[in-house]
Amino acid sequence: MSATRILFFGLVPFLLMEGSHGAQVYRCTEPDGSVSFQQQACVNGGERIETGEAQPVWSSLRSGEKSLYKQYRKRDQERLQRKRQLAKNNARKKPGAALLRACWNKRKQLEAVRAKLRRGYSPAAGENLRRKRDNYEDYLRTFCP
């Protein structure tokens, strides 16, 4: 993987964390004297610390990194659009098409098991093959026309 991609994928989570408000941080002093910093208010009344206004990481990228980021965003949007179009096309197909494919696959699997049973098998494999055959036949009787 190239150094540019590693740099890009390392920066993506920070790019998504854009915000205009400072983070809320609380400084809490525990009864034993230890100090902790957390995002929720302290149970025993700690103090709130202002961290200032957060700056988006996007502004600190160099021009080459920005263009690479834009290329990746464009590619991802195109992939998402193709995926949505494919889902829309599949929804238009007959609703029973998936069931017909599943039945066809089960028939192929059943025929393969029957062929193994005809060819011969070890005693240990025989029970497994017969169980598979029975399961495929039950499936076909129950779900397939």
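Author: Of the 145 residues in the protein chain, 14% count as buried, where buried means under 20% relative accessible area, exposed means over 50%, and partly exposed is anything in between, using a 1.4 Å probe and protein chains only. Bear in mind that this is a predicted model, with local features needing pLDDT of at least 70 and side-chain atom pairs counting only at pLDDT 80 or more, while totals for chains, interfaces and linings use all residues. Numbering starts from 1 along each chain as its sequence is written, and side-chain values use heavy atoms, with hydrogens and water left out.

The chain has 4 helices and 3 strands, and from the N terminus the order is α-β-β-β-α-α-α. Those elements are DSSP runs numbered from the N terminus: helices are H or I with at least four residues, strands are E with at least two. The part to zoom in on is helix 4 (123–143), which shows up next to helix 3 (97–119) as a contributor to the positive patch.

Let's start with the inside. The largest nonpolar core has 8 residues: C103, L110, V113, L117, L129, Y136, L140 and C144. A core here is a set of buried Ala, Val, Leu, Ile, Met, Phe, Trp, Tyr and Cys residues joined through side-chain atoms within 4.5 Å. Helix 3 and helix 4 are the elements giving two or more residues to this core, and helix 3 supplies the largest share, 4 residues. L140 is the helix 4 member to look at; with 13% relative accessibility, L140 counts as buried. Its C-alpha atom is 9.4 Å from that of W104, although L140 and W104 are 36 residues apart along the chain.

Now for the charges. Side chains of opposite charge can pair when their charged atoms come close. The structure holds 7 salt bridges, each one being a side-chain nitrogen of Lys or Arg within 4 Å of a carboxyl oxygen of Asp or Glu. One of them joins R141 to D138, with the closest N and O atoms 2.2 Å apart. R141 and D138 are 3 residues apart in helix 4, so about one helical turn separates them. R141 is exposed at 60% relative accessibility, whereas D138 is partly exposed at 36%.

R130 and E127 have that kind of spacing too: both sit in helix 4, 3 residues apart, about one turn of the helix. Their salt bridge has its closest N and O atoms at 3.7 Å, and R130 is partly exposed at 29% relative accessibility. Then there is R133, which bridges to D134 with 3.5 Å between the closest N and O atoms. R133 has a relative accessible area of 25%, which makes R133 partly exposed, and D134 is partly exposed as well, at 34%.

Finally, some positive charges gather in a surface patch made of K116, R119, R131 and K132. Patch residues have over 30% relative accessible area and no salt bridge, with like charges joined within 9 Å. Helix 3 and helix 4 each give two or more residues to this patch. K132 belongs to helix 4 and is partly exposed, with a relative accessible area of 34%.

How values were computed: Patches are made of residues with over 30% relative accessible area and no salt bridge: like charges are joined within 9 Å, nonpolar side chains (Val, Leu, Ile, Met, Phe, Trp, Tyr) within 5 Å. Accessible areas come from the Shrake-Rupley method with a 1.4 Å probe; for residues, only the protein chains shown count as cover. Lys and Arg count as positive and Asp and Glu as negative; His and the chain ends are not counted. The place of a charge is taken as NZ of Lys, CZ of Arg, CG of Asp or CD of Glu.
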